[in-house]
Amino acid sequence: MKFIVCQIGAREHYAIARALEIRGQLTALSTDFWIQPGQLLGRLPVLDRLRDRYHPELADALVISPSLRMLALEVRQRLGRQGNWERNMQRNQCFQRLAIRELAEISNKNFASKKDEQPSLFSYSYAAGDLFRFAKSRGWRTVLGQIDPGPEEERIVGREHERYPHLSSRWKPAPPEYWDGWREEVEFSDRIIANSEWSRECLMKEGILAEKVEVVPLVYQGRESNIAGIQRESRKKNEPFRLLFLGQVNLRKGIGRLLDAMRLLRDEAVELVLVGPSEISESEWADLPRVSWRGSVPRSEVVDHYERADAFVLPTLSDGYAITQLEALSHGLPVLASKHCGGAVVDGVNGRILPDLEPETIAETVLEMTHQSFPNVAPPSFGLEELADALMELGS
């Protein structure tokens, strides 16, 4: 079974394409930007953020990328006054339109005379509808990579904003046509990959059949020195227990509840460091002297924050699979997580799982962790070979 992979961005470090390539099952990768080492495009200062749009394990693969056309679109969007949702939808449509031209050529060249050997097309959600419609016209099998829990997550976030109306936020729900396009993708997909049981559960609430959805966790390669787990150095006497939150500081990630928990812990030796862009004003935690916000930091500084912390906290209301918990575990950091972010944490082994997300529960569990040790602080193992096996089963 051959696969064609279409994806915007370097999601999962191109893990789907890499897994297929090592098995010799990848026909082509179509992506928006592909910046090879030494390429002139990658030397432009304005494109610094795109320099990771390449992977050496795909150096010999057929990679198709309309980089210049996508760059032209991005420039036009920056000069315009479109909202975030409008920009995202326009980008997704433009990429699909350009990718289909290449897919038609690949189809005519590789599969026109092989009626019994048609490929499977993999694409991530929200940029797959037109691609899948084309694939079905050619008799191809389609696999959708669902990047989040879908409409149910938006409803959850909406209710959280009703719970915390005083925490001003820039969050806005998606326009109806966004979800209309997603439902079309689902209709045209033969199978759907979800990263977690939580995502699968949310998709089923939208009427998607359980047997159509396969849970395949993220591929993650942590630091080799931490595979067996690392015991954190003991804190010095009278030193506070250091909690780290890293990611989008917003209500979906449970920040409102976490701040309320820190208010309950005001008289305890617990401090919280928030790292990442914030949708909430810093003034909202001005009454909490043990809460500090560092904003967005370079990747090199992220490692320092992991190393200085005693535990990582992720009280998210909904995540497909939060990769930050895997990063934290790979640094030997126990994780306090909700049940809604992927199965990285084994309760009592490499961290704690919150039974609910009430501030009282978060505060109580944090206090328990200040006196608790964990026998094997390491991320779960799931590599490219396991991913390739799962893809072969889905494509057959």
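**Exercise 1.** Is Ser-189 buried or exposed?

*Solution.* The model is predicted. Begin with the place of Ser-189, which is in the loop between helix 6 and strand 6 (191-194). Next, take its relative accessible area, which is 4%. The cut-off for buried is under 20%. Ser-189 is therefore buried.

**Exercise 2.** Find what Ser-189 touches, and what its side chain reaches.

*Solution.* Leave out residues up to four places away in sequence; Ser-189 then touches Phe-132, Thr-142, Leu-144 and Lys-212. Now turn to the side chain of Ser-189: at 2.8 Å it reaches the backbone oxygen of Val-186. The cut-off for a polar contact is 3.5 Å. Finally, consider Leu-121. Ser-189 and Leu-121 are 68 residues apart in sequence, and their C-alpha atoms are 9.5 Å apart in space.

**Exercise 3.** Describe how helix 4 (residues 129-137) and helix 6 (residues 176-188) pack.

*Solution.* Step one is the geometry: the angle between helix 4 and helix 6 is about 30°, and their axes are 9 Å apart. Step two is to classify the angle. Angles under 35 degrees count as roughly parallel, so helix 4 and helix 6 are roughly parallel to each other. Step three is the handedness: helix 4 passes helix 6 in a left-handed crossing. Step four is to list the residues of the contact. Helix 4 supplies Gly-129, Phe-132, Arg-133 and Lys-136, while helix 6 supplies Glu-184, Glu-185 and Phe-188. Step five is to sort these residues by type, which gives 2 nonpolar, 1 polar and 4 charged.

Technical notes. Residues numbered from 1 in each chain as written. Predicted model: local features only at pLDDT ≥ 70, side-chain atom pairs only at ≥ 80, totals over all residues. Heavy atoms only, no water. Axes fitted to C-alpha atoms, helices over the stretch in contact; angles between N-to-C directions. Helix = DSSP H or I, 4+ residues; strand = E, 2+ residues; numbered from the N terminus. Parallel < 35°, antiparallel > 145°, perpendicular 65-115°, else oblique. Left-handed = near helix turned anticlockwise from the far one by under 90°. Contact = heavy atoms within 4.5 Å. Nonpolar A, V, L, I, M, F, W, Y, C, P; charged D, E, K, R; others polar. Buried < 20%, exposed > 50% of the residue type's maximum accessible area, 1.4 Å probe, protein only. Polar contact = N/O pair within 3.5 Å; in protein donor to acceptor, adjacent residues only side chain to side chain.
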